[in-house]
Amino acid sequence: MTQTTEALTAQQEPVRRPRIHRAWFVAAVTFVTIVGAAAFRSLPGLLIDPLHAEFGWSRGTIGAAVSLNLALYGLTAPFAAALMDRFGIRRVVAAALTVIAIGSGLTVWMTAAWQLWLCWGLLVGLGSGSMALAFAATVTNRWFTERRGLVSGILTAGSASGQLIFLPLLSWMLERNQDWRPAAVTVSLAALAVVPFVWLLLRDHPADVGAKPYGASAFVPKPAPVTGAARRALTVLFSAVRTGQFWLLAGTFAICGASTNGLVQTHFVPAAHDHGMPVTAAASLLAVIGVFDVVGTIASGWFTDRFSPRRLLAVYYALRGVSLLFLPMLLAPSVHPPMLFFIVFYGLDWVATVPPTLALCRERYGEDSAIVFGWVLASHQVGAAVVAGLGGVARDVFGSYDVVWYASGALCAVAALMALVIRGGGRGAAPAPVG
């Protein structure tokens with residue numbers, strides 16, 4: 001009996017333990033994948049003025065396509081998380097990148113607004129939704145039992161790192177060529193380039209390589225594929241909506257999306273251009289936001305492992321709201337020190353909300369946390385979609401974006417108050433951080 005037990009243990013344990021745990025290599029592959037796929041997140045704000053000039057479409061019409069993209073980005077995420085449980089991370093991510101490449105590539109032949117909605121709104125929205133933060137959440141949950149806050153912060157920062165790389169490049173291409181099509185083709189090629197990288201290097205579960213999750217005391221067998229991905233995503237949603245914590249998490253994250261992807265990422269460049277700032281300079285400022293976003297998000301992950309996530313959220317939203325209230329006074333034809341201070345301050349807070357939000361989902365919803373976070377992310381993108389569309393309409397109606405900046409600042413104050421009401425704990429909950 002003793003020999004049999006030892007044999008089984010030998011089969012479960014890897015023969016040689018590497019100095020660096022395999023989970024960190026998987027996290028690195030995931031990070032690079034998110035960076036490479038970030039090109040599609042960098043382009044919408046740069047397209048508004050060129051498409052308006054070439055086709056005569058209103059900013060509201062273009063904003064509607066961006067809204068569809070952002071909404072599908074969020075609404076696809078929970079189903080993508082369930083599909084990853086069914087078919088594996090590699091297959092879902094590779095397919096998503098291919099859809100993004102097709103959607104972005106087809107835009108170069110469009111001549112009508114409905115084609116923009118189809119290609120950039122529908123196809124890129126669906127593909128990007130499967131590359132959403134649920135991807136990072138699934139990798140973190142499967143491969144790590146310790147340092148989850150730090151890892152989720154690093155992976156979330158991947159999108160900002162990609163923005164840092166692609167925003168200056170795409171804006172330079174737009175200015176140099178006086179045409180938006182080369183930038184769209186670049187997005188398509190970037191997505192395709194990541195596909196073999198994902199297929200060859202990414203692994204679905206620690207058991208695939210005979211390893212334990214990082215920080216785990218025992219070997220974790222790979223679970224059987226879960227059938228009925230759509231049914232499971234909806235079942236988890238119906239269970240989660242019966243809890244008050246879900247609505248608080250979804251509400252705060254909707255405001256997060258409204259004040260970042262929907263507002264600043266989509267409308268900052270055209271708003272700065274309205275004040276006489278060159279497009280390249282405005283895009284470079286967004287890229288600088290990406291630099292400090294990396295620092296802020298990783299730091300937020302570190303804080304989340306040590307302090308109360310809900311209190312961190314309250315601080316983040318309050319500071320973001322204050323910064324947005326000052327932005328209309330800072331926009332000018334040239335870049336000046338107060339604007340740089342805003343960029344640094346806002347960048348540190350850009351997606352710092354993700355690690356504590358993910359931690360609260362994990363505390364409350366246990367094994368279903370990745371799918372629940374997918375639905376919370378859906379609310380984030382719905383909020384982003386609403387403001388992306390309304391921002392364009394406000395610019396058409398009022399001739400400026402000022403009212404949108406002030407309204408978003410007020411919403412962030414509401415989110416700060418909501419965050420203080422959130423409580424962790426629940427089924428499958430982990431111990432809450434002290435603080």
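Modeller: Let me start with helices and strands: a helix is a DSSP run of H or I with at least four residues, a strand is a run of E with at least two, and both are numbered from the N terminus. This is a predicted model, in which local features need pLDDT of at least 70 and side-chain atom pairs count only at pLDDT 80 or more, while totals for chains, interfaces and linings use all residues. Residues are numbered from 1 along each chain as its sequence is written, and side-chain values use heavy atoms, with hydrogens and water left out. By the DSSP rule, the protein has 19 helices and zero strands.

Colleague: Where does serine 104 lie, and why is it called buried?

Modeller: Serine 104 lies in helix α6, which covers residues 89-106. Buried means under 20% relative accessible area, exposed means over 50%, and partly exposed lies in between (1.4 Å probe, protein chains only). Serine 104 has 0% relative accessibility, so it counts as buried. In the protein as a whole, buried residues make up 56% of the 435 residues.

Colleague: Which residues does serine 104 touch?

Modeller: A contact means heavy atoms within 4.5 Å. Leaving aside residues up to four places away in sequence, serine 104 touches Trp120, Val124, Ala184, Val187 and Ser188. Of the contacts in the protein with a separation of 6 or more, 84% are between residues 24 or more positions apart.

Colleague: How do you know whether leucine 116 is buried or exposed?

Modeller: Leucine 116, in helix α7 (residues 113-129), has 4% relative accessibility and therefore counts as buried. Beyond residues up to four places away, it touches Leu51, Trp57, Ile62, Ala65, Met110 and Gly121. The C-alpha atoms of leucine 116 and threonine 61 are 9.7 Å apart, although 55 residues separate the two along the chain.

Colleague: Why are α13 and α19 called roughly antiparallel?

Modeller: Axes are lines fitted to C-alpha atoms, for helices over the stretch in contact, and angles run from 0 to 180 degrees between N-to-C directions. Angles under 35 degrees count as roughly parallel, over 145 as roughly antiparallel, 65 to 115 as roughly perpendicular and the rest as oblique. Helix α13 (residues 261-274) and helix α19 (residues 402-421) pack at about 150°, with their axes 12 Å apart. The pair is therefore roughly antiparallel.

Colleague: What is the handedness of the crossing of α13 and α19, and which residues meet there?

Modeller: A crossing is left-handed if the near helix is turned anticlockwise from the far one by less than a right angle, and right-handed if clockwise. The crossing of α13 and α19 is left-handed. Leu263, Val264, Phe268 and Ala271 in α13 meet Val404, Trp405 and Ser408 in α19. Ala, Val, Leu, Ile, Met, Phe, Trp, Tyr, Cys and Pro count as nonpolar, Asp, Glu, Lys and Arg as charged, and the others, Gly among them, as polar. This contact of α13 with α19 has six nonpolar, one polar and no charged residues.

Colleague: At what angle do α12 and α17 pack, and what makes them roughly antiparallel?

Modeller: Their angle is about 165°, with the axes 11 Å apart, so α12 and α17 are roughly antiparallel to each other. Their crossing is left-handed. From α12 come Gln245, Phe246, Leu249 and Phe253, and from α17 come Val354, Thr357, Leu360, Cys361, Arg364 and Tyr365. By class, these residues divide into seven nonpolar, two polar and one charged.

Colleague: Where is threonine 252 placed, and how do you know whether it is buried or exposed?

Modeller: Threonine 252 is in helix α12, residues 244-259. Its relative accessible area is 0%, so threonine 252 is buried. Threonine 252 touches Tyr317, Ala415, Met418, Ala419 and Ile422, not counting residues up to four places away.
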